[in-house]
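Please open the structure in a viewer and keep the selection tool at hand. The tour moves from one selection to the next and states what is found at each.

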Amino acid sequence: MQQTQLTAQTLVTDKPWSIRLADSTMQRHTPLSVRWHYEYGFMLRALDQVWRKTGDERYRRYIHKVIDQFVDAQGNIRSYHVNEYNLDQINPGRLLFSLYHASGNERYKKAIYLLREQLQGQPRTNEGGFWHKQIYPYQMWLDGIYMASPFYAEFAKTFEELSGFDDVARQIVIITKHARDPRTGLLYHGWDESKQQRWANPETGCSPHFWGRAVGWFVMGIVDVLDHLPPDHPQKSDIIAILQNTLDALAHVQDGASGLWYQVLDQGNRPKNYLEASGSCMFVYAIAKAVRLGYITGKYMDVAQRGYDGVIRRLIQINTLGRVNLEGTCGGAGLGGIPYRDGSYEYYVGEKIVTNDLKGIAAFILAAVEMESNAVAASDS
């Protein structure tokens, strides 16, 4: 029997949205159902932030159960293969740091070093930018900044690999140099150094459009990298400027009526374009965190608040069991591959739209944690 869907305002509770959606997610995904995959890593990262906010051990135990299914006593990671050289597979490794710091267990450290080994051998562009995957030669995607750079920066900080900070900064600078559109300030989804892909502009090597979630991965990656980059690093101010410029560009394409952002960011209400959940939540997270840490001015909280309110008003539903549903997430989008993804407008708006997709769920939880933290700070001031 189909469950009745209620609006976010129908059921009143004093629990914050971060906890409500985190609990709903753990009910839907048991630890045994989780894979070593960037989507689940993203979800676990969101639960980790709820744990840090609340101190509720349920979230820590859940994360522990998941990770311990994959990491053995020698630090091997089940189902992970270094020689695939896939940046997406680095992302779940971020959870290893908190487990290692809390327990001192060497197997977590060994697993961290295993992932670092991948980055050591990751194929690169001529300027030193990571290929997104070995199967996508000469290509950098915005997604890769989130998938690998925060892990890499935390590794450099934890194990005092100072040269790692330079490499992390290099990744952000290179993709910005090639993918940023000088007119709008937005970044294209991907860049092909060889300019051989059918989706690549023959002059610039860039893909044709500004995909919301790709830019979301990019700005989230930067604000998380900045958690670890040393205050005196010579490129820190450059990285902050890149973040500021990108968030400013995003503020200019925010939909005025809903507060959300479109799947194809600069195409507004062009036919079949739609207000997309994951990208909108990622932008709220990045903006709110950047305000909290002083990277951008407080005036941008109005942008974040309109986006956050828009998600709750338009995309959150609650079933009769009290579980929170998030509608309107693009199920997946990429470039190249089989069948071939050409990066056209029609391609992006034609991908499946999913309810409770983990990429949207995790982004909303992270956004909610930041917005709730900002609200508490404002009430205390």
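**First stop: the largest cavity**

Select Leu 87, Phe 130, His 132, Met 140, Trp 141, Gly 144, Ile 145, Ser 149, Gln 171 and Ile 175, which line the largest cavity. Two or more lining residues come from each of strand 2 (139-141), helix 6 (143-158) and helix 7 (162-179), and helix 6 gives the most, with 3 residues. Helices (H or I, at least four residues) and strands (E, at least two) are DSSP runs, numbered from the N terminus.

The model is predicted: local features need pLDDT of at least 70, side-chain atom pairs count only at pLDDT 80 or more, and totals for chains, interfaces and linings use all residues. Residues are numbered from 1 along each chain as its sequence is written, and side-chain values use heavy atoms, with hydrogens and water left out.

On a 1 Å grid over the protein atoms alone, a cavity is a set of points where a 1.4 Å probe fits but cannot get out, whereas a pocket is an open set with protein on both sides within 12 Å along at least five of seven lines; lining residues have an atom within 4 Å of a point.

**Second stop: the largest pocket**

Next, select Arg 45, Asp 48, Gln 49, Arg 52 and Asp 227, which lie nearest the centre of the largest pocket, among its 20 lining residues. This pocket has a volume of about 350 Å³. Helix 2 (38-54), helix 4, helix 10 and helix 13 (358-380) each supply at least two residues of its lining.

Select Arg 94, in helix 4 (residues 94-103). Is Arg 94 buried or exposed? Arg 94 counts as buried because its relative accessibility is 5%, and buried means under 20% relative accessible area (exposed is over 50%, partly exposed in between; 1.4 Å probe, protein chains only). Its side chain forms a polar contact of 3.1 Å with that of Asp 224; such a contact is a pair of N or O atoms within 3.5 Å, where within protein one must be able to donate a hydrogen and the other to accept it, and residues adjacent in sequence count only if both atoms are side-chain atoms.

**Last stop: helix 10**

Finally, select helix 10 (residues 277-292). Of its 16 residues, 15 are buried. Just after helix 10, Gly 294 takes a positive phi of about 80°.

Key. Expected span 1.5 Å × (residues − 1). Points joined across faces, edges and corners; volume = space filled by probe spheres on them.
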